[in-house]
There are 4 protein chains.
Amino acid sequence: MTTVDPTAASTEHAHDHAGHGYMSDKDRYLARLKRIEGQARGLHRMVDEEKYCIDILTQISALKSALDGVAMALLDDHLGHCVLDAARAGGDEGEEKLKEASAAIARLVRS
Amino acid sequence: MTTVDPTAASTEHAHDHAGHGYMSDKDRYLARLKRIEGQARGLHRMVDEEKYCIDILTQISALKSALDGVAMALLDDHLGHCVLDAARAGGDEGEEKLKEASAAIARLVRS
Amino acid sequence: MTTVDPTAASTEHAHDHAGHGYMSDKDRYLARLKRIEGQARGLHRMVDEEKYCIDILTQISALKSALDGVAMALLDDHLGHCVLDAARAGGDEGEEKLKEASAAIARLVRS
Amino acid sequence: MTTVDPTAASTEHAHDHAGHGYMSDKDRYLARLKRIEGQARGLHRMVDEEKYCIDILTQISALKSALDGVAMALLDDHLGHCVLDAARAGGDEGEEKLKEASAAIARLVRS
């Protein structure tokens with residue numbers, strides 16, 4: 001985790017904080033992604049140790065499910081913060097944000 | 001990658017080598033999985049640096065596709081070695097191996 | 001397709017029209033779903049005529065992709081109408097609508 | 001379901017019967033696909049009646065899951081009959097059948 005000098009917090013960072021939405025749960029996301037990294041490292045080790053193919057496939061499915069879990073949580077946060085805020089602010093930004101989110105959802109559904 | 005003392009290669013290891021099928025391409029699998037590990041580490045970094053949510057979702061989709069690619073390659077090797085060999089040897093083993101592979105495929109289709 | 005007497009249009013129907021969002025493209029959706037119905041009927045016929053298994057699997061993949069296409073279009077319309085409207089109206093409804101949409105997305109990602 | 005004049009059963013049909021593997025369960029497959037056809041027709045009706053978008057998405061997910069179920073059953077039958085038989089017969093046919101099955105699996109995983 002990065003250490004942040006609070007006195008140096010730029011406006012941009014403050015904007016990011018407000019805008020990117022997932023920050024309230026940042027530590028939880030980082031912990032989940034640490035586990036996912038561990039799962040990826042475990043896959044490498046399983047192949048290196050020539051584990052049984054089917055067991056490796058099972059781990060790949062588990063890793064994909066863990067990634068879906070993180071993706072859905074990020075998407076919820078994004079829709080619930082960025083997109084709703086943009087919608088409330090009015091103008092075209094809400095629609096642009098939604099178009100962008102829809103494209104991301106389509107990629108997830110197909111990946 | 002592990003270093004292997006060739007004089008110490010046990011029968012069991014030799015069996016694994018023949019039986020687990022993906023060994024011909026082991027280095028290629030290890031290289032792909034190293035990249036996947038790097039992608040997972042990159043996700044962690046993106047959240048830590050509070051990157052834009054949609055960009056993180058795009059990376060998650062890319063990581064899932066990379067995992068599907070490895071899974072399909074492993075499955076091909078497994079079907080083409082383990083399962084065909086078991087089928088040729090006759091007996092029930094071919095069917096058992098297939099049942100096991102089918103369950104793994106179903107998990108992949110749903111993950 | 002239903003025939004609608006415009007003089008009989010109830011307030012409720014008018015509300016549906018505004019609220020359910022996909023109505024602008026209703027004919028297009030109906031045409032796509034007619035094709036999907038035809039694809040489903042074609043699958044039945046392929047099995048009845050004992051077509052080659054792999055060809056049937058290819059048709060199933062095509063049908064699933066067609067369904068994803070309709071789902072993504074519906075979702076876009078829903079987010080762009082219902083959800084944005086609820087968000088603009090203020091109150092908790094925007095968040096409730098989003099929670100509901102997120103659950104639907106999660107089902108799609110996993111199906 | 002088609003009615004078949006048993007006296008007219010051609011050699012080709014007999015070959016199909018032996019080769020395509022899923023015939024033992026043909027009635028069950030036809031019944032499942034009838035239900036799937038009904039689900040597709042139901043989707044069309046839901047849009048025609050302007051049902052709530054989220055409910056339609058839920059039905060699409062259910063239909064995709066039903067299709068995956070049929071696909072996995074067909075694939076099991078195919079691997080367990082065509083592919084194992086080809087493998088047992090020796091020669092290159094086993095490998096060709098497997099390559100074909102792998103491509104079908106990859107399409108399913110991605111659809």
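Which side chains meet in a salt bridge at 2.6 Å, N to O, between chain A and chain B? They are those of A:K64 and B:D68. A salt bridge here is a side-chain nitrogen of Lys or Arg within 4 Å of a carboxyl oxygen of Asp or Glu.

Some conventions before going on. This is a predicted model, in which local features need pLDDT of at least 70 and side-chain atom pairs count only at pLDDT 80 or more, while totals for chains, interfaces and linings use all residues. Residues are numbered from 1 along each chain as its sequence is written, chains are lettered from A and ligands numbered from 1 in the order in which they are written, and side-chain values use heavy atoms, with hydrogens and water left out.

I start with the interface of chains A and B. Chain A brings 50 residues to the contact and chain B brings 50 residues, where contact means heavy atoms within 4.5 Å. About 4800 Å² is buried between chain A and chain B, 66% of it on carbon and sulfur atoms. Of the area that chain A buries against chain B, 15% is supplied by A:H44, A:E50 and A:K64, more than by any other three residues. Buried area is the accessible area, taken with a 1.4 Å probe, that two parts lose on being put together, summed over both.

How many salt bridges does the rule find across the interface of chain A and chain B? The rule finds 6. Across the interface of chain A and chain B there are also 16 residue pairs in polar contact, both residues at pLDDT 80 or more. A polar contact is a pair of N or O atoms within 3.5 Å; within protein, one must be able to donate a hydrogen and the other to accept it, and residues adjacent in sequence count only if both atoms are side-chain atoms.

On the side of chain A that touches chain B, the elements giving two or more residues are helix 1 (11-20), helix 2 (26-48), helix 3 (53-89) and helix 4 (93-110) of chain A. Helix 3 of chain A gives the most, with 18 residues. Helices are DSSP runs of H or I with at least four residues, numbered from the N terminus. By residue type, that side of chain A divides into 27 nonpolar, 10 polar and 13 charged. Ala, Val, Leu, Ile, Met, Phe, Trp, Tyr, Cys and Pro count as nonpolar, Asp, Glu, Lys and Arg as charged, and the others, Gly among them, as polar.

Next, A:K26. This residue sits in helix 2 of chain A and is buried, with a relative accessible area of 12%. Buried means under 20% relative accessible area, exposed over 50%, and partly exposed in between, with a 1.4 Å probe and protein chains only. Beyond its neighbours within four places in sequence, A:K26 is in contact with B:V47, B:D48 and B:E50. The side chains of A:K26 and B:E50 are joined by a polar contact of 3.0 Å.

Helix 2 of chain A has 23 residues and reaches 33 Å from its first C-alpha to its last, close to the 33 Å expected at 1.5 Å a residue. The expected span is 1.5 Å times one less than the number of residues.

Just after helix 2 of chain A comes A:E50, with a positive phi of about 55 degrees. Most residues other than glycine have a negative phi. A:E50 is in the loop between helix 2 and helix 3 of chain A and counts as buried at 5% relative accessibility. In chain D, D:E50 also has a positive phi of about 55 degrees, although it is not a glycine. D:E50 lies in the loop between helix 2 (26-48) and helix 3 of chain D, and is buried at a relative accessible area of 6%.

Now the other chains. Over all chains, the structure holds 32 salt bridges. One of these pairs C:R88 with A:E95, the closest N and O atoms being 4.0 Å apart. That pair crosses between chains, from helix 3 (residues 53-89) of chain C to helix 4 of chain A. C:R88 is partly exposed at 38% relative accessibility, and A:E95 is partly exposed at 45%.

What does C:K64 form a salt bridge with? The partner is D:D68, with the closest N and O atoms 2.6 Å apart. C:K64 lies in helix 3 of chain C and D:D68 in helix 3 (residues 53-89) of chain D, so the pair joins two chains. Both C:K64 and D:D68 are buried.
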